[in-house]
Each structure stands twice: as structure tokens, then as C-alpha cells.
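Hello,

Here is the structure we spoke about. Please take a look before reading my notes.

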Amino acid sequence: NEQFALFFTDIFMNAFSPHGIPWWLDEGGLIGSSRAGSMSNADDDFDFFALLPNQTAPCSPNSTTCTNEEFNAYIHRFLMVFWRKGMCINKFHPDPALFKSNMRLMYSLQLNRDDSLPPEKCFKESKPFAHMHLGILVDNSEKGEIETNVWAKHTTHPVDKLPLALALPTSRCRVGSVEAPCPNDIVGYLHVRNRGEYFKKSSDGSCLLIRNKWNKEKRIKAVETIENLAACGYNTMIALAPALRANDYNSC
């Protein structure tokens with residue numbers, strides 16, 4: 001995950017001119033980094049969110065919409081930046097004629113592609129991968145909202161509408177020994193993301209600072225960790241800590 005953080009920081013800053021592309025940690029990785037400074041605390045995958053380029057006219061002038069063919073060409077140009085950097089992209093082919101996006105706005109990527117394999121077979125399920133969720137301004141641009149999976153059908157992820165004010169400007173989070181950007185309002189962002197998936201009752205419980213299986217000693221340690229991260233200037237979910245303490249570390 002640290003390698004992913006360094007790689008994507010470089011590519012989003014330098015490979016997209018002239019000002020780069022905003023991106024930030026997402027989903028489980030965001031939970032882990034903002035409560036423990038480690039993505040593996042919550043999720044083994046490197047989940048992140050990025051804004052696609054040319055937001056106001058992605059496929060044609062004066063239009064925020066795309067036909068299937070237009071989007072295929074648009075997203076292929078975007079993904080080729082990662083392909084040229086040596087990444088393997090699941091369900092991708094460098095030949096535009098052999099690539100069908102099906103209007104997807106989520107892609108899985110791996111470092112250090114094996115070029116001895118055909119492009120469609122380079123992805124290895126046993127190898128670490130990153131989940132790239134992409135957002136685009138569609139009908140709600142005047143409201144400052146981005147959408148993901150807006151055109152894809154039969155996706156496992158819902159069509160999320162995310163207020164940009166929750167994410168931008170991004171802030172610093174800790175990812176092991178390196179840093180990565182996260183939404184400026186982490187708790188607010190996760191309330192909205194995936195329609196509150198991470199606040200619903202589950203085996204981990206509804207409090208993002210702790211897991212149900214943790215004993216009280218580990219829960220107290222988790223609060224101390226998040227306080228240390230915040231004291232070092234990292235963005236965290238420290239806003240949830242007072243309620244957790246007030247409830248004797250049972251809920252927040």
C-alpha cells in the first residue's frame with residue numbers, strides 16, 4: 001500500500017498537465033488510515049477516488065454527457081497513462097479496438113505488469129491491487145456534486161453523489177511510513193459514501209473508530225493512536241473520540 005501511495009501521488013501530480021488531478025483515499029483504506037495510520041487496519045486493498053479530467057466537457061464541447069463510444073475513447077486515453085507507467089489494469093487492453101469499458105467508473109490496477117503475458121491476462125488475483133473509483137460532474141455540477149458509476153449498469157457499487165465540499169481541499173493522512181491525501185471531512189464523507197455502508201450495523205459495528213471484536217484495552221489504544229496522529233497534523237476521525245469515551249468505549 002505504501003508503494004501504491006507513492007506511485008499514485010507522483011502520477012496524479014505529474015502525468016496530468018497542467019495542474020494534476022485531485023485524488024484521495026476511499027472506503028476501507030480511508031477508514032484504516034484515518035483511525036490508525038495504516039490502511040491494513042481496516043482493508044487490505046488500496047481504495048482511492050479520483051476526479052476525471054476535462055470535467056465540464058469530457059467527451060464533446062459544451063456537454064457533460066457521453067455516448068458509449070465517446071466514453072470508451074475518453075476512458076481509454078485516461079487509463080493509458082497508467083498502462084504506460086507499467087501498471088496492469090483489469091479488463092483493459094491498450095488497443096482501443098479491443099477495449100470495452102461498459103461505461104465503468106471503477107478499475108483495479110496492479111504495479112509492475114508482466115509484459116510476457118497478453119494484456120487481458122496480466123491481472124493476478126493473488127497480487128496486491130488498488131481499486132480506483134472515478135468521479136465525474138454530470139447533472140449536478142451546479143450543486144458541486146460528483147457522481148460515480150453514473151452510467152455503469154449492474155455494478156456492485158451504487159450510484160453515489162458526493163458533495164465536493166466534503167473532499168476538497170484534500171488533507172494529509174498517514175499510510176504506514178508515507179502520506180496520502182484524504183477528504184477534508186472524513187466522517188462526513190464516509191456518511192455519504194456508498195449510501196452510509198460504513199455506518200450500518202455489521203460485524204465490525206457502527207462506530208468507525210473501533211471493531212466489535214476489540215476488547216476495551218485495544219479500543220483505548222485506538223483512541224490514543226488517533227490522538228497522536230492528529231497531534232502530528234494528520235487528518236483523522238478524532239471528532240468521534242469524545243463520544244466513544246463518553247460511552248465507555250462501547251459506541252460513538
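Predicted model: local features only at pLDDT ≥ 70, side-chain atom pairs only at ≥ 80, totals over all residues.

Residues are numbered from 1 along each chain as its sequence is written, and side-chain values use heavy atoms, without hydrogens and water.

The sheet comes first. It is open, has 5 strands in the order β1-β2-β5-β4-β3, and its pairing is mixed. Strands are DSSP runs of E, at least two residues; helices are runs of H or I, at least four; both are numbered from the N terminus. Two strands pair if DSSP finds at least two bridges between them. Strands β2 (residues 46–51) and β5 (residues 130–135) run parallel, joined by 6 bridges.

Next, the helices. Helix α1 (residues 2–14) lies across β1, β2, β4 (106–110) and β5, at about 10 degrees to β2. Helix α3 lies across β3, β4 and β5, at about 140 degrees to β5. Angles run from 0 to 180 degrees between N-to-C directions, with axes fitted to C-alpha atoms, for helices over the stretch in contact (heavy atoms within 4.5 Å).

Last, the second largest pocket. A pocket is an open set of points on a 1 Å grid over the protein atoms alone where a 1.4 Å probe fits, with protein on both sides within 12 Å along at least five of seven lines; lining residues have an atom within 4 Å of a point. Its lining has 16 residues, with Phe 16, Ile 21, Leu 52, Pro 53 and Asn 54 nearest the centre. Helix α3 (residues 68–84) gives the largest share of that lining, 4 residues.

Best wishes
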